[in-house]
Amino acid sequence: MKIIGTGSAHPRLTITNDMLAAFLDTNDEWITTRTGIKQRQIISDERLKDLAIDAAKQAIKKGGIDVHDIDYIICSNVVNEYVTPSLSCIIHDGIDANCPCVDINAACSGFLYGLQIAHSFQRAGVARNILIVCAEEPTRMVDWKDRSTCVLFGDAAGAVLITEGDCMKSMRVTNMSKTDVLYEERKLEPTPYLRRNEDNVPLQMKGQEVFKTAVKASVKDIAHVVEEAGLQIDDIDHFLLHQANLRIIEAVSHLLKQDMSKFPHNVELYGNTSSASIPVLLNEMNMRGELKDGDKIVLSAFGAGFTTGACVIEWHSNQK
Ligand code: UT7
C-alpha cells in the first residue's frame, strides 16, 4: 500500500462561532475553550457528491494515473441525500471510472477502515489501484437548536489514491459495543404492516463519555500499531488524529509524552468533518510540502459504534 495522490474539498459557506451565537445560546469563548473550533464550512447550495467528485479528481490527478486504471472505489460515508445508489457509484459516474465500487459506514473511523479494506484487497490480488473517498455532511444529522452538538460539525470530502507498495507498516481497527453514546435514527417509509411508531432522532451524543473513550482508545491503538511496526513512539514524525476536538488531540499528545508540534490540526477551521477529517488534513500537509520521504506517520480515528482505527504508514511521494 502506498498513497500516491490526495485531494480535499469544502463547501463555500464559512460559519464562525459568532455567527452561531446570533441564533443559539452559545458564544465564541465556550466553543473555542471546549473544542478549539473557530469556524466550520457548511453545505448550503452545494451537494455532497460534487465535493466528493472534486476531491477524487484531485487525488487521481496528483497520483498521475489514468482513471481507467483505478481497480476499485471505496467511499466512506455516514449520511448523504441518496439512499441508493451508493455514493461510490455516484463518484464512479462523476469521474467516468470503470471499476467496482462500494460504500462503507464506520462513522468517523471510516478512513482507517477504508485503508484496511483497500490494503487487504491489494494483498488478496483483488485490486491494485484503489480510490478511497471520505465524504461527509454531519451538519445534516444534528438538531440546529441543540447547542451541544450543532456547533461541533462541518462538511467536507477527502480522498486518497493508493497503489501497491510497502508503506503500510501496521494497522488495527476495533469496535466496542457502545451504540448508545453517539447515534442518530431516521424514519423510513411506512408500510401497512408496521406495528411500531418511528421518528427521526437527530444526532445524540454523550459528549464526556465520547471524549474519554476516544482519548483512551486512541492512546491504546497508537501504542499497539507503533509497537507492531517495530518502532518507538519517538520515531513517529506526525500523529494525524481524527479532528473532533483540539482537547482530545492535546490529551493524546500529553499521554503519549509527544510534543503538540507532532500533532497537526485543522479542527479550528473545519470543525469535525467525520471520516473526511484525516484525508483532508493529509492532503493539506501534502500540498504544503510538510510530508518528507521516509516520514513515519500515525493515523488514528474514533467514532460512533464505538469504532476506532489506527495505522503507521511511511510516506513516500509519487514514486511508483
Ligand atoms: O467524532 C466523534 C464525535 N464527538 C466527539 O469527539 C465529542 C467528544 N466530546 C466533546 O468534545 C465534549 O464533551 C463537548 C465539546 C461535546 C462538550 O464539552 P464538555 O466540556 O464535555 O461540556 P459539557 O457537555 O459537560 O457541558 C458543560 C456545560 C453545560 O451546561 P451546565 O449543565 O454546566 O449548565 C452545557 O449545557 O456547557 C453547556 N453547553 C454549552 N454552552 C455554551 C453545551 N454546549 C454549549 C454550547 N455553548 N455550544
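I noted the basis before going on. This is a predicted model, in which local features need pLDDT of at least 70 and side-chain atom pairs count only at pLDDT 80 or more, while totals for chains, interfaces and linings use all residues. Residues are numbered from 1 along each chain as its sequence is written, and side-chain values use heavy atoms, with hydrogens and water left out.

**Entry: ligand**

I looked up the polar contacts, meaning pairs of N or O atoms within 3.5 Å; within protein, one must be able to donate a hydrogen and the other to accept it, and residues adjacent in sequence count only if both atoms are side-chain atoms. An N or O atom in the side chain of Arg34 is 2.9 Å from an oxygen atom of the ligand. His242 places a polar side-chain atom 2.9 Å from a ligand oxygen, and Asn272 has a polar side-chain atom at 2.9 Å from a ligand oxygen. I then checked cover: on its own the ligand has 960 Å² of accessible area, and the protein covers 74% of it. The areas come from the Shrake-Rupley method with a 1.4 Å probe; for residues, only the protein chains shown count as cover.

**Entry: four-stranded sheet**

I traced an open sheet of 4 strands in the order β8-β13-β12-β11, with mixed pairing. Two strands pair if DSSP finds at least two bridges between them. β8 (168-178) and β11 (238-241) are the edge strands with a single partner each, so one side of each has no neighbour in the sheet. Neighbouring strands are turned by 10° against each other on average, direction ignored. β12 (296-303) and β13 (305-314) run antiparallel and are joined by 8 bridges; Ala301 stands opposite Gly309 in β13. Helix α7 (207-228) packs on this sheet, touching β8, β11, β12 and β13, and its direction makes about 150° with that of β8. Contact means heavy atoms within 4.5 Å. Axes are lines fitted to C-alpha atoms, for helices over the stretch in contact, and angles run from 0 to 180 degrees between N-to-C directions.

**Entry: five-stranded sheet**

I traced a further open sheet of 5 strands, ordered β1-β7-β6-β4-β5, with mixed pairing. At its edges are β1 (2-9) and β5, each with a single partner strand, so one side of each is left without a neighbour. The twist averages 15° from one strand to the next. β6 (130-136) and β7 (156-163) pair in the antiparallel sense over 7 bridges, and Val133 has Ala159 as its bridge partner in β7. Helix α3 (48-63) packs on the sheet and touches β1, β6 and β7.

**Entry: backbone**

Most residues other than glycine have a negative phi, and most peptide bonds are trans. I listed the exceptions below.

- Thr84 to Pro85 is a cis peptide bond with omega near 0°; Pro85 is in the loop between β4 (72-76) and α4 (87-95).
- Gly305 to Phe306 is cis with omega near 15°; Phe306 is in strand β13.
- Asp96 has a positive phi, near 60°, and sits in the loop between α4 and β5 (101-104).

Technical notes:
Helices (H or I, at least four residues) and strands (E, at least two) are DSSP runs, numbered from the N terminus.
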